Amino acid sequence: MTIKTIGVQSIDELEAFLTALGNGLLYRGQTSDYRGPSGLPQISTSFSRRGCHPPHMLRWSHYAGAILRTFVKGFDDGADPATDQAILQHYGWRSFFIDATSAPAVACWFAGHTFSTQRKIDLTEDCWETGLFTVRDAATYEPADGLAVLYCLSKKRLRGHGFQSVDLSEIATAIGRPRYLAQQASMVGPLQTSLPADCITAKILAPASVFRDYAASKGLRTTADLFPGPDEDPVLAALLGMPWVHHDDGASRNDLAFFFRSLPIPEYGWPFVKIHDSSVAFYRPFWLANECPADGPPFPGATYLLAPETMFYGVPGDTRGFPKLSRLLSEHQYLIVEMDGLMHHPHTGPTQQYGKGIFLERVGDLVHLGEVAIGHPGMRPSECGLVRGRHYRIATDGSWSREPHFDDCPCGHDALHDHHLAVATHLEHELAQSPFRRVKPNVLAHRDVDAALSLDHIKDQSSRAEPYFSDLQPVA
């Protein structure tokens, strides 16, 4: 097949050709015209280029849904995959979709700029003025040189291949300006390999400077025009509000710890912060099970199940049948399923409080399912306790059914409580596989976790004379 190809040398020529193409198109700009073995353009997805990292995929997917539910009015978890993955694709996740735009000026801006990223290490301090290193992906777009390309994609031909081309303006947030709106973005896919070349109606070759000048003539001059910062973009602000996570690869400098973002997010124009706010958590793994006495507050008489963070993400299975979990509750009145991480809830905004797991309490023929919460300003966990949840009736066959109760949580966030139920379904599945082992009379640990992590272990790594963490206290 032959793709219509035109070369232009000025923005006037570019404008004239784009006008002549008419409607029904999407656009994609690149600094290079990549070709496949056949010599035809090869446009591939980020997933096919960079592969899969399952733990990150699960975490991305969970937070994408939580953020969309928080900021997009009427968001439906059952929407089409392109809409669901929009937040992921535009903030660094790998998907089976390719980026396109309904605005040729946006595509021209990308054709005129080269993307690059590098690890940036900053020596900074938490809210307690304790020194640490933050490691992030500093991203930039610089003016490109040489010949660049603008692809014009036919919506009709995309539909002919069974691909979706979804205008992401349908997931506009109630406030702010997320980057996928600034870029008038569309998602095309899902693709198993590359985009079929016959979906490309035409390609325009021009010096990168011409594409850049055309974008500037339409008001797109700086990176911030297409990548608004967290003060404008509520989605980005929510992603950056997730805890930083300690990374221990054996390297240290003067006993200072290294912390990475929970999710690898390319950051544009990130300002240096000398002392972070108390709502910024720097988490080093530990277990409440190793800090809270079995007979003392805030969880007296609890039996702990130490679980990997991945068990707290993903799609739930059958949310009614819990025979093994019901049997466990018949033996232990009070269970705490603790994760080896912190759970951030976007609907709370900036906060010092995070989820550390779920709890299940047997109340007669009912089970009370709620959340274990912990305060974590900076590097110091400060308090922990329980957040009320919902009640379910346990049938003789182990199935559960929702039963309203006077002690139910009144927050009104159904998705939060549905997530607790999803974690319970994952736990039910794991119990069927028998991956837990008893490490203490009141503690069972999953085979994929290190049950020995404690605050004492963390304190030992600090050269500070004062306690590295404040003592854990029950939530009042």
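Biologist: So a salt bridge is a side-chain nitrogen of Lys or Arg within 4 Å of a carboxyl oxygen of Asp or Glu. Which residue does arginine 388 form a salt bridge with?

Modeller: Aspartate 407, with the closest N and O atoms 3.4 Å apart. Arginine 388 is in strand β18 (residues 383-394), and aspartate 407 is in the loop between β19 (400-402) and α12 (414-433), so the two distant parts of the chain that this pair links are 19 residues apart. Helices (H or I, at least four residues) and strands (E, at least two) are DSSP runs, numbered from the N terminus.

Biologist: What am I looking at, and how are residues numbered?

Modeller: It's a predicted model, where local features need pLDDT of at least 70 and side-chain atom pairs count only at pLDDT 80 or more, while totals for chains, interfaces and linings use all residues. Residues are numbered from 1 along each chain as its sequence is written, and side-chain values use heavy atoms, leaving out hydrogens and water.

Biologist: Back to that pair. How accessible is arginine 388?

Modeller: Its relative accessible area is 37%, so arginine 388 counts as partly exposed. Aspartate 407 is partly exposed too, at 28%. For those words, buried is under 20% relative accessible area, exposed is over 50%, and partly exposed is in between (1.4 Å probe, protein chains only).

Biologist: And who does arginine 390 form a salt bridge with?

Modeller: Aspartate 414, with the closest N and O atoms 2.5 Å apart. Because arginine 390 lies in strand β18 and aspartate 414 in helix α12, the pair ties together parts that are 24 residues apart in sequence. Arginine 390 is buried, with a relative accessible area of 10%, whereas aspartate 414 is partly exposed at 44%.

Biologist: How many salt bridges does the structure hold?

Modeller: There are 15. One of them joins arginine 59 to glutamate 309, the closest N and O atoms being 3.0 Å apart. That pair links distant parts of the chain, since arginine 59 is in helix α3 (residues 54-71) and glutamate 309 is in the loop between β14 (303-307) and α11 (323-331), 250 residues apart.

Biologist: Are arginine 59 and glutamate 309 buried or exposed?

Modeller: Both are buried. Elsewhere, Asp33, Arg35 and Lys203 are linked in a network of salt bridges.

Biologist: What about aspartate 233, where is that?

Modeller: In the loop between α9 (223-226) and α10 (234-240). Aspartate 233 is buried yet has no salt bridge, and the nearest side chain of opposite charge, arginine 179, is 4.3 Å away. On charges, Lys and Arg count as positive and Asp and Glu as negative, with His and the chain ends not counted.

Biologist: New topic. Which residues of α5 are buried?

Modeller: Pro104, Ala105, Val106, Ala107, Cys108, Trp109, Phe110 and Ala111. That's eight of the eight residues of helix α5 (residues 104-111), so the helix is largely enclosed by the rest of the structure.

Biologist: And which ring does arginine 261 lie over?

Modeller: Tryptophan 270, with arginine 261 over its face at 4.9 Å from the ring centre. Likewise, the charged end of lysine 356 sits over the ring of phenylalanine 286, 5.2 Å from its centre. The rule wants NZ of Lys or CZ of Arg within 6 Å of the ring centre and within 35 degrees of the ring normal.

Biologist: Last one, where's serine 262?

Modeller: Serine 262 is in the loop between β11 (258-260) and β12 (266-268). With a relative accessible area of 10%, serine 262 is buried. Its C-alpha atom is separated by 8.7 Å from that of leucine 240, 22 residues apart along the chain.
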